[in-house]
Amino acid sequence: MRGHRTTRTAALLCAALGLTAAVGTASAAPAPTARPGASPVLVDCLWHPQVRPAAFILACGDGNSRLASLKWDHWNARSAKATGINVVNDCKPYCAAGTFHSYPVVVRLDEAQPWKKDPRTQRYDRIVLEYPAQRPEQFAKIMTYPLWD
């Protein structure tokens with residue numbers, strides 16, 4: 001029994017370290033910050049305003065869903081659009097032991113609103129993810145989420 005517990009503990013530690021490395025990589029290169037009066041911003045998990053980030057964490061609490069390799073087609077006062085990869089943990093049999101899978105995704109931002117932290121800055125209020133091919137089994141082809149303020 002002790003050997004099983006040791007192996008399970010080691011597996012959990014490896015999964016946690018892997019998740020930490022993946023999340024750290026996604027946010028390692030800071031995106032350009034916004035200026036008041038400029039185009040809207042995307043606010044990240046640490047409340048930093050970003051313009052055209054290369055990566056963005058969607059699941060701030062656990063890092064189990066993030067956007068990577070974002071290439072922005074446009075970014076203006078009305079909307080923004082990018083293509084990239086959504087890296088999602090399947091959480092099977094549970095999240096700490098799950099496997100991360102990559103899915104091509106089209107990202108759209110819109111509904112710019114004044115940011116509560118700095119009302120002079122507009123921030124995108126909604127993100128729409130469209131999966132042109134495969135997608136996580138629990139996701140629809142198009143997923144729409146409100147963004148935090």
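**Notebook: disulfides, sheet and loops**

Entry 1. I note at once that the model is a predicted one. I then looked up the partner of C45 and found C60, joined to C45 by a disulfide with an S to S distance of 1.8 Å. A disulfide is a covalent bond between the sulfur atoms of two cysteines. The torsion about the S-S bond of C45 and C60 is about -85°, so I recorded this disulfide as left-handed. I next asked where the two cysteines lie: C45 is in the loop between β1 (42-43) and β2 (49-50), and C60 is in the loop between β3 (56-57) and β4 (65-75). The pair therefore ties together parts that are 15 residues apart in sequence. For C60 I noted a relative accessibility of 37%, so C60 too counts as partly exposed, since that class lies between 20% and 50%.

Entry 2. The torsion about the S-S bond is 95° here, and the link of C91 and C95 is right-handed. C91 is partly exposed at 23% relative accessible area, and C95 is partly exposed at 34%. I recorded a count of 2 disulfides. With the bonded cysteines of the protein chain numbered in sequence order, the pairing reads 1-2, 3-4.

**Entry 3. The loop between β5 and β6.** C91 lies in the loop between β5 and β6. I checked the backbone of C91 and found phi near 55°, a positive value in a residue other than glycine. P93 has its place in the loop between β5 and β6 (100-110). A cis peptide bond joins K92 and P93, with omega at about 0°.

**Entry 4. The loop between β1 and β2, and strand β2.** W47 lies in the loop between β1 and β2. Its phi is positive, about 65°, although W47 is not a glycine. I noted W47 as partly exposed, with a relative accessible area of 38%. I then turned to Q50, which is found in strand β2. Is Q50 buried or exposed? Its relative accessible area is 9%, so Q50 is buried, the cut-off being under 20%. The side chain of Q50 makes a polar contact with the side chain of D44, at 2.7 Å.

**Entry 5. The sheet.** I traced an open sheet of 6 strands in the order β3-β4-β5-β6-β9-β10, with antiparallel pairing. β3 and β10 (142-146) stand at the edges with a single partner strand each, so one side of each is left without a neighbour in the sheet.

**Entry 6. Confidence.** The mean pLDDT of the protein chain is 82, and 75% of its residues reach 70 or more. Over residues 1-31, pLDDT stays under 50. For residues 1-31 the model has 15 contacts beyond four places in sequence. Where pLDDT is low, the predicted coordinates should not be read in detail.

Notes. Residues numbered from 1 in each chain as written. Predicted model: local features only at pLDDT ≥ 70, side-chain atom pairs only at ≥ 80, totals over all residues. Heavy atoms only, no water. Disulfide = S-S within 2.5 Å. Helix = DSSP H or I, 4+ residues; strand = E, 2+ residues; numbered from the N terminus. Buried < 20%, exposed > 50% of the residue type's maximum accessible area, 1.4 Å probe, protein only. pLDDT = per-residue confidence, 0-100. Contact = heavy atoms within 4.5 Å. Pairing = 2+ DSSP bridges. Polar contact = N/O pair within 3.5 Å; in protein donor to acceptor, adjacent residues only side chain to side chain.
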